[in-house]
Amino acid sequence: KFPALVNCTVIDWFQPWPKDALRSVGEKFLAELGPADGELRAGVVEFLPFSFEAVGHQSEKFIEVERRFAYTTPKSFLELIKLYTSMLGKKLQALEDKQYRLSNGLDKLKETAEQVAGLEEVLKEKAVVVEQKAKEADAFAEEVGREKTKVNAEAEKANTESIACEEIAKNVKIQQKSCEEDLAKAIPLVEKAEAALDVLNKKDFQELKSFAKPPAGVDKVCEACMHLMAGIDPSIDVDKKGKVKDPSWKGATKMMGNPEKFLESLKAFKGEIDDSNVPKQNIEYARPLTQAEDFTVESMKKKSAAAAGLCEWVLNIIM
């Protein structure tokens, strides 16, 4: 049908390669893989032509039995070599990866071993420090225990003192209340005493001190006044115990030597009481004198206005 195609076609008949040629080709391609064990490489080189020829013989039997062709060409031999080199390369790469992982793992193990050894040394040092700290802590705990015992004892004492203080505070409140009540009662009396002085002036005291011999009872009023003012008025001489040295009429006239100043001292006496400058004994020395029958304001008014004012002042101060 196509005679020109048939006429122009030339058939190249390829005869089977000799075994030496196959061996030579195998050696050339395997040499590119690099150096290897001589006996192992020689065995592989010998196996390649053998396997290729064995397949060729089996192809002939396949034709006889199956009546089908299975061609083995030089290309097939080259593909065989390529397959072998590819598989060998993969195996080598896998081995290199395993070798790298193994080497890296060994390095890590070595590094870890060194770190563990270092940590063990540090741990030994820390163990010594911890043991020392534990001993110190035990000693401190014992000290704290002793101090706690002392603190508990002191706390018990403090509780006892607290109870005592509460009792004292309770008594103080009672006394304070009593003092406040007494003060409330005393304030009107002090005001009366001050009011009694308001009606007096220096002329009244000039008249009083002019008596060579005072009327009966007037000298006692002045003596009581001297006892109250002892230690407060510098014109009144006192002994080492603070008692009036001369309670006579002579001492009284000396006390009233400056009537104006004496009146000011009487009016300032309340401030001396508030400042707690008046000794308690002054009241005790003056109180018995007020028990006399004629030691009254009404009785003194008949004798001297100044004496009456002083009498009322003394009575209100002492009461």
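**Exercise 1. State in which helix K280 is placed, and decide whether K280 is buried or exposed.**

The model is a predicted one, in which local features need pLDDT of at least 70 and side-chain atom pairs count only at pLDDT 80 or more, while totals for chains, interfaces and linings use all residues. Residues are numbered from 1 along each chain as its sequence is written, and side-chain values use heavy atoms, with hydrogens and water left out.

Step two is to compare the accessible area with the cut-offs: buried means under 20% relative accessible area, exposed means over 50%, and partly exposed lies in between (1.4 Å probe, protein chains only). K280 has a relative accessible area of 67%, and is therefore exposed.

Step three looks at sequence and space together: K280 and L228 are 52 residues apart in sequence, and their C-alpha atoms are 9.4 Å apart.

**Exercise 2. Find which residues of α5 are buried, and explain why they line one face of the helix.**

Begin with the list, which consists of D204, F205 and L208. Seen down the axis of α5, these buried residues fall within an arc of 95 degrees, so they line one face of the helix; the arc is that of the directions from the helix axis to the C-beta atoms.

Next, ask what they pack against: the buried residues of α5 meet α6, α7, α8 and α12. For L208, leaving aside residues up to four places away in sequence, the contacts (heavy atoms within 4.5 Å) include V218, W249 and L310.

Then compare α8, whose buried residues are P259, F262, L263 and L266. They cover an arc of only 100 degrees around the axis, which puts them on the same side of α8.

**Exercise 3. Describe the largest nonpolar core.**

Start from the meaning of the term: a nonpolar core is a set of buried Ala, Val, Leu, Ile, Met, Phe, Trp, Tyr and Cys residues joined through side-chain atoms within 4.5 Å. The largest one has 39 residues, and those with the most contacts inside it are F205, L208, C225, L228, L310 and W313. Several helices each supply at least two of its residues, among them α5 (202–209), α6 (218–229) and α12 (305–318). The largest share, 10 residues, comes from α12. Apart from this core lies another, of 8 residues, including L30 and F52.

Terms used. Helix = DSSP H or I, 4+ residues; strand = E, 2+ residues; numbered from the N terminus.
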